[in-house]
Amino acid sequence: MLSVEHLKKSYPHSGGSLEVLRDISFTVEAGEFVTIVGPSGAGKTTLLRCLAGLLPRSGGSVTLTTSGRVVDSPPPEIACVFQDYSRSLMPWSKVGRNVEIPLKNKIRERGKRHEQVERALREVDLDGFADSYPWQLSGGMQQRVAIARALAYRPEFLIMDEPFASVDAQTRADLEDLILRVRHDAGLTIVLVTHDIDEAVYLGDRVVVMSGRPTTVVDTVTVDLPRPRSQIATKALPRFAELRTEVLKLITRDGAEVTA
Amino acid sequence: MNTGTRAAELPAETMTLEAEARPGTDPTGRDRSSAAARLLPWGTSIALLVVWELLSRAKVFPSEIPPVTEIARALIKLVPTHEFGASLLATIEQFVVGLLVGGVAGIVLGVLLGAVPLLYQLTHYLLDFLRFIPAVVYLPVLILLLGSTPGVGYVLGAAGAIWPMLFQTYYGVTGVSAILRDTGRVFGLRPHQRLLHITLPAVSPFVATGLRIAASHVLVVVTAVQIISSVAGLGSDIAAYASNAVYPQMYALLVVVGALGVLMNFGLERLERRQLHWHTSYREAGR
Ligand SMILES: Nc1ncnc2c1ncn2[C@@H]1O[C@H](COP(=O)(O)OP(=O)(O)OP(=O)(O)O)[C@@H](O)[C@H]1O
Ligand SMILES: [Mg+2]
């Protein structure tokens, strides 16, 4: 379980400081899929970098309750998929190497490492692309490489920063379903931020709604939609529309505009 | 000079220009015009040499500028001699040692300065001051210390190489994308693994640009040192021929120095194309 308590983050800013996260608290249970929606510039990336131990906090705490460990540096239980896939992959390494390099310390034996790389690439339907360079692939495929890299790492927690924001609508739907599938297969705990309300409701067990900057948690909405979910059937449910509206209301009440 | 430019795009720019200038990659595919474009520079070069020859023969040029054919004859006579071989070797040796020592030192210091911000803060006034001092300025002191030995060429060659390498490497290291650095940390890579798999490859285009700037600096410095002092090499031969008014031989050696420069640049370009095939500017052209 991941527990975030009264997390604060300010950046130094032209002499003074820029308050981005004012007071963020929520928990993520083991096996849960928590989505976080917030307007652009609310500090979603900032929040995730704090969760992953990449950014020092200005206050509050992030704790992995299973190990009782406070997250001050990147813990081995967490893997990330970043917002900008094209810059998170190493253009000088082939797809296979991109997935393999993070495993160097986890799996000492080369043969086993390669097996795991192959399995991860298969999970995202990229078998056969290990010897391509990332830049030879389409945007959606590159993001799948980033997902495969995170999966191969076998983390307990997968943290994703608007992973589908820069691909077309069809690819986006495919990637959403891909994530739901691998999450089911691997029993992952996922935290995903997005500014897309539909996506947040479609994917999540719970939606944490954030205000605009300085950011607080407005409310948390439990998504009681049946699983497995389907782009067509789930989104056609009246309950889906209700939840969507509920989240939208929470966000607009706060006065921030969001792409719905 | 080039060393002074702070440009994250410098490698990209220089390489793109070259990739685009390559004949045959013309997207319109007009073969005849691209063949003409290839031949034209040769034509103008030959035409200029002919004009030179005629002006010199007609005594329009002073006697210090001999006809091209005489220079060519001098070159052919000079090349097989033992003295020429020794001088050429001495120049190449000073060039290689200077570039290696200065280049490696520049990369190491550049990585250190880029990785430890405090180090940069403490030293950057000094570095910015030192980088603009031409290496040849240290020549008198070195002659006093080392005499007219190849050591002078090594040291000053290295001094010519170190600055472009240091600053290019530094810009490269500080320019590694934040997302890539985060990636390395999130996936638990140790510092030396991050250096090997992320920082160094990301910096390599900058190092390539630094290397090319450094190489041309070193050739200039090494030749100048030999001309001014009597450190053995093509430069000191050039100075000797000039002071004895043996002009065809002097120009013949100038041709050799020029050819060395062209060869070196060609070699470095080839190396770059091979090592940086993944870089944006080589993706279509080089594969
Ligand atoms: N390293 C930094 N130094 C200073 N300010 C920063 C830094 N990173 C982010 N900020 C500021 O913090 C605020 C929130 O940025 P952040 O990237 O976390 O937002 P976001 O919600 O992820 O935005 P987007 O939806 O555009 O991805 C912005 O105003 C940004 O300018
Ligand atoms: Mg962001």
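Modeller: Helix H9 (residues 191–228) and helix H11 (residues 247–275), both of chain B, pack at an angle of about 165 degrees, with their axes 10 Å apart. Axes are lines fitted to C-alpha atoms over the stretch in contact, and angles run from 0 to 180 degrees between N-to-C directions; helices (H or I, at least four residues) and strands (E, at least two) are DSSP runs, numbered from the N terminus. That angle makes H9(B) roughly antiparallel to H11(B) (under 35 degrees is roughly parallel, over 145 roughly antiparallel, 65 to 115 roughly perpendicular, the rest oblique).

This is a predicted model, where local features need pLDDT of at least 70 and side-chain atom pairs pLDDT 80 or more, while totals for chains, interfaces and linings use all residues. Residues are numbered from 1 along each chain as written, chains are lettered from A and ligands numbered from 1 in written order, and side-chain values use heavy atoms, without hydrogens or water.

Now look at who touches whom, with contact meaning heavy atoms within 4.5 Å. H9(B) contributes Ala208(B), Leu211(B), Arg212(B), Ala215(B), Ser216(B), Leu219(B) and Thr223(B). From H11(B) come Val257(B), Leu260(B), Gly261(B), Met264(B), Asn265(B), Leu268(B), Glu269(B) and Glu272(B). By type, the contact residues are eight nonpolar, four polar and three charged (nonpolar: Ala, Val, Leu, Ile, Met, Phe, Trp, Tyr, Cys, Pro; charged: Asp, Glu, Lys, Arg; polar: the others, Gly among them).
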